[in-house]
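Take a look at the sequence and the model, then read on.

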Amino acid sequence: DCIALLLNDATGSYVGGTFYFSRGWIDCGGDTLKESMALTGRLGEAKGWFDCGAEGVNWWEKERYEKETLYDEETAGYVCYECIKNYGAVTLIDNGNLTAFHKNYIKRVHDYVNRLFTENGQDEIELRTMNGDLSMLSALVNGEGESPEWLVVPKGGAVRAGDFIEFLDDV
């Protein structure tokens with residue numbers, strides 16, 4: 001799971017029911033606010049919030065945002081709410097690479113999600129920031145040897161559920 005890699009947390013102590021964001025996810029991934037903007041034909045407005053010249057900032061190019069059918073704000077809100085109604089928090093992972101834009105964007109997402117929740121009779125959800133740690137991801141990408149936090153399967157080897165249970169008992 002990428003969340004475990006961004007937090008350097010192989011044991012999975014991160015909280016379920018949480019919509020996690022990182023700088024990379026904000027710049028390149030999808031979220032409820034972007035989806036709503038696409039559903040209502042306001043993709044250009046949403047794209048304008050981003051530094052479109054920055055390398056890798058390209059979320060609007062994804063096929064999921066090419067909408068043939070557009071909806072009114074109420075219908076788009078219903079669709080988006082149905083996708084997120086079981087979340088309890090929005091969490092921004094800070095790996096030391098966030099700009100003011102990313103911090104402001106997550107507040108915009110949080111405000112939108114809370115508006116959907118209150119319109120549907122749900123309590124507002126929490127906005128959190130967690131410090132991340134990219135050392136595990138860096139070691140994995142850079143081939144810096146094995147880690148006790150990794151389950152290594154030899155090339156061509158079988159991955160069995162029991163391997164994970166034994167691995168988690170040891171971690």
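Thr18 touches Tyr87, Ala89, Thr91 and Arg128, where touching means heavy atoms within 4.5 Å and residues up to four places away in sequence are not counted. This is a predicted model, in which local features need pLDDT of at least 70 and side-chain atom pairs count only at pLDDT 80 or more, while totals for chains, interfaces and linings use all residues. Residues are numbered from 1 along each chain as its sequence is written, and side-chain values use heavy atoms, with hydrogens and water left out.

**Strand E1**

- Thr18 lies in strand E1; helices (H or I, at least four residues) and strands (E, at least two) are DSSP runs, numbered from the N terminus.
- Thr18 is buried, its relative accessible area being 9%; buried means under 20%, exposed over 50% and partly exposed in between, with a 1.4 Å probe and protein chains only.
- Phe19 also belongs to E1, which covers residues 18–21.
- Leaving aside residues up to four places away in sequence, Phe19 touches Trp25, Gly30, Asp31, Thr32, Ile84, Tyr87, Ala89, Val90 and Thr91.
- Phe19 and Thr32 are 13 residues apart in sequence, and their C-alpha atoms are 10.0 Å apart in space.

**Salt bridges**

- How many salt bridges does the structure hold? There are nine, each being a side-chain nitrogen of Lys or Arg within 4 Å of a carboxyl oxygen of Asp or Glu.
- One of them joins the side chains of Lys34 and Asp31, at 3.5 Å from N to O.
- Lys34 is buried, with a relative accessible area of 1%, and Asp31 is buried as well, at 3%.
- Glu35 forms a salt bridge with Lys67, and their closest N and O atoms are 2.7 Å apart.
- Glu35 lies in helix H3 (residues 32–39) and Lys67 in the loop between helix H4 (43–48) and helix H5 (73–84), so this pair ties together parts that are 32 residues apart in sequence.
- Glu35 is buried, with a relative accessible area of 13%, whereas Lys67 is partly exposed, at 28%.
- Arg42 forms a salt bridge with Glu73, with the closest N and O atoms 3.2 Å apart.
- Because Arg42 lies in the loop between H3 and H4 and Glu73 in helix H5, the pair ties together parts that are 31 residues apart in sequence.
- Arg42 is partly exposed, with a relative accessible area of 28%, and Glu73 is partly exposed too, at 33%.
- Arg42 and Glu73 are linked with Arg115 and Glu119 in a network of salt bridges.

**Helices H3 and H5**

- H3 and H5 pack at an angle of about 150°, with their axes 9 Å apart; axes are lines fitted to C-alpha atoms, for helices over the stretch in contact, and angles run from 0 to 180 degrees between N-to-C directions.
- That angle makes H3 roughly antiparallel to H5, a term used for angles over 145 degrees.
- On the H3 side, Thr32, Glu35, Ser36 and Leu39 meet Glu73, Ala76, Val79, Cys80 and Ile84 in H5.
- The residues of this contact divide into five nonpolar, two polar and two charged; Ala, Val, Leu, Ile, Met, Phe, Trp, Tyr, Cys and Pro count as nonpolar, Asp, Glu, Lys and Arg as charged, and the others, Gly among them, as polar.

Technical notes: Angles under 35 degrees count as roughly parallel, over 145 as roughly antiparallel, 65 to 115 as roughly perpendicular and the rest as oblique.
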